[in-house]
Amino acid sequence: MAQTEKKSGLLRRTSSSKKPLKEKVVLMYDEIFAKEDPTKNNPRFWDELFLMKVNLEYLEGKLESLDGDEVMKVKDNINSLFHHCVQALGEEHQIKVVNALQTLCALFRGVHQKNKSATGFDIINMLMGFDKAELRMKELMESLDSLLCGDGSESLKSLCLKLLLCLVTVTDNISQNTILEYVMINSIFEAILQILSDVSSRAQHGYDAVVLLALLVNYRKYESVNPYIVKLSIVDDEPTLDGMGMVIHHALTDYNRQYKDKEEENQGGFFSTLTSMVGNMFIADADEKLSVQTNEAILLALYEAVHLNRNFITVLAQSHPEIDMATTPATPVPASPLTPLGTTPPSLDMMNNPELPLDPNLQTSNLLITFLKYSSIIVQDTKDEHRLNSARLCLIILTCIAEDQYADAFLHDDNMNFRVNLHKMPMRHRKKAADKNIPSRPLVCAVLDLMVEFIVTHMMKEFPMDLYVRCIQIIHKLICYQKKCRIRLHYTWRDLWSALINLLKFLLSNETGLLAKHNIFQLALQVVNLFNMFITYGDTFLPTPSSYDELYYEIIRMHQVFDNLYCMVLRVSTNAGQWKEPASKVTHALVNVRAIINHFNPKIESYAAVNHISQLSEDQVLEVVRSNYDTLTLKLQDGLDQFERYSEQPKEAGFFKELVRSISLNVRKNVSLSTMSQDVLLKEFSSIS
């Protein structure tokens, strides 16, 4: 019986003595890889080639199998194949265009795979020839631009974007991909914007367009002037910016929904019963199961938009009905082991519904709320480098938002209140809050809640120092804005004070282990200076006079922590060593905290002795505090409401280079033209033709 074999272009094997037959397209590929010009024997060779269904596997394999000398022998034919591919993109016959796009992808991938150690110039020479490279790439980019901006097939546009993503990600480090110089010169920026500004086009191609833009923005961004950075920074077209925000919003919403579904799935059935029986001893395992892969590509796109374009800040605040994650029907995105959760574009039904009917009972949402929910999932688990980097990017984005004046105004607007259901790490000593109990508040409260949650839940052996520093900086920037604008935010500040004091307590308890890896005095100084902000300026932004009293109560109640911190930093600062200077700064910063403790503690002890009370209640302590403010002397400390503005270069450059490398590898893995079924494409265009 005949056996069919598709691998390597073999069609069938009729018997053991006969050689397998080859597809005609494979025979034509073999002619290209022979030394002679394939048109010598067949003048219509190139016309016929692009009518044949592409065998990607065979073509890429053939390119990868050639060594350096063999490549140079057939260079002219490869150059000719590239040239005719580009020419075919202008054909009216749509099947030729499809096959040309797929062949180009195989060429880019195959040549790069084989020649990873080769220079970019060598690869350009192999593909196009030095003398023709500029012209060929100009023609290619113009053809892709026309296809993307034209009224043609959506499948064809999708294929163009896949080809561009393939081209951008063929090297591990995109800045070493010399071919991208031509993509810089022959910009497709306007084509990407056109896709994002059109509702229908955005639904089909928005995800790929946004990821492509994020990657192009990161090409040699520190070494030269990148036109995509310049152009993105000045976009002020509202439909375009809204479109970009919509794509990012839906991608993050889709991830949040998948996470919530997975969480609910893990909470039901036998597993839930078992954990209840043994006192939640398996919480760590449940958490591990929920550690789904993050979508760093879409997060990078959000970062670049927020960081580069001030107009995009308004998009964060665009209100629209919240998509109910539990009830909204959605076409499920298949998540196989090869396609991890969170790496696929959002389902099309969500992308097709940018405007849902308004329901007076429906909670409104916006991109910022969706991002905060997403961040609350991401920062839960920072155990490995990948998740740590994702959490870092979330905090960097929040840092950019926290120091933007327009964003701050929106965050603190008392007329725009939202219920933000942040995800919280499962912990034995607390019950999960019911969603309906979440109050409607200004969005800054959700940001502060997220920061408090992070502080409370990450005091562990593998201490994420960098994330803690960023977290405290975000809180500081928000408080600076409140002080500057005299905004009295109704927030449970006690939660924050308690979290900060517990953080200091943790640093003290783990001094030796932490000092071996981190400068804990930098973090301690930030925390102490937050208390100094409240002490010095609290009367201008705390909601009520009693809030200020409660601040003093917390400092006095937990005075032992501050006393121990002072003893520790005094000890370190009086000894010679690398931590002498940073410890000394903390010593000076504690002056007002110590003044409060030393002033009120004797008064409280005296009050207890006079009234024969062994242990004072909170109200009694507050009474002592209120009646002894007049005799308290504090020092005015300079610079408490000043901060260093975020700058990507040079501090964050290394982080973003590695992040983009990781994203590029992931995109390359997931962008396979074979995933867009050739049979479906050919069937579509056969009917057209």
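**Briefing: cysteines, helices and burial**

Cys-400 counts as buried, because its relative accessibility is 9% and the cut-off for buried is under 20%. Keep in mind that this is a predicted model. Across the chain's 689 residues, 54% are buried, and the fold is built with 34 helices and six strands.

**Cysteines**
- Cys-149 comes out as partly exposed, since its relative accessibility is 26%, and that class lies between the 20% and 50% cut-offs.
- Looking for disulfides through the whole structure turns up zero.

**Helix 6**
- Helix 6 covers residues 94-114, which makes 21 residues.
- At 1.5 Å a residue it should span 30 Å, and its end C-alpha atoms do sit 30 Å apart, so the two agree.
- Because 19 of its 21 residues are buried, helix 6 is largely enclosed by the rest of the structure.

**Helix 8**
- Helix 8 takes in residues 130-149, 20 residues in total.
- The buried residues of helix 8 include the leucines Leu-140, Leu-144, Leu-147 and Leu-148.
- Also on its buried list are Met-137 and Met-141, along with Ala-133, Arg-136 and Ser-143.

**Whole chain**
- Take the contacts between residues at least 6 apart in sequence: 78% of them join residues at least 24 apart.
- The chain's accessible surface is about 31500 Å², and carbon and sulfur atoms account for 51% of that.

Note on methods:
Residues are numbered from 1 along each chain as its sequence is written. This is a predicted model: local features need pLDDT of at least 70, side-chain atom pairs count only at pLDDT 80 or more; totals for chains, interfaces and linings use all residues. Side-chain values use heavy atoms; hydrogens and water are left out. Helices (H or I, at least four residues) and strands (E, at least two) are DSSP runs, numbered from the N terminus. Buried means under 20% relative accessible area, exposed over 50%, partly exposed in between (1.4 Å probe, protein chains only). Contact means heavy atoms within 4.5 Å. Accessible areas come from the Shrake-Rupley method with a 1.4 Å probe; for residues, only the protein chains shown count as cover. A disulfide is a pair of cysteine sulfur atoms within 2.5 Å. The expected span of a helix is 1.5 Å times one less than its number of residues.
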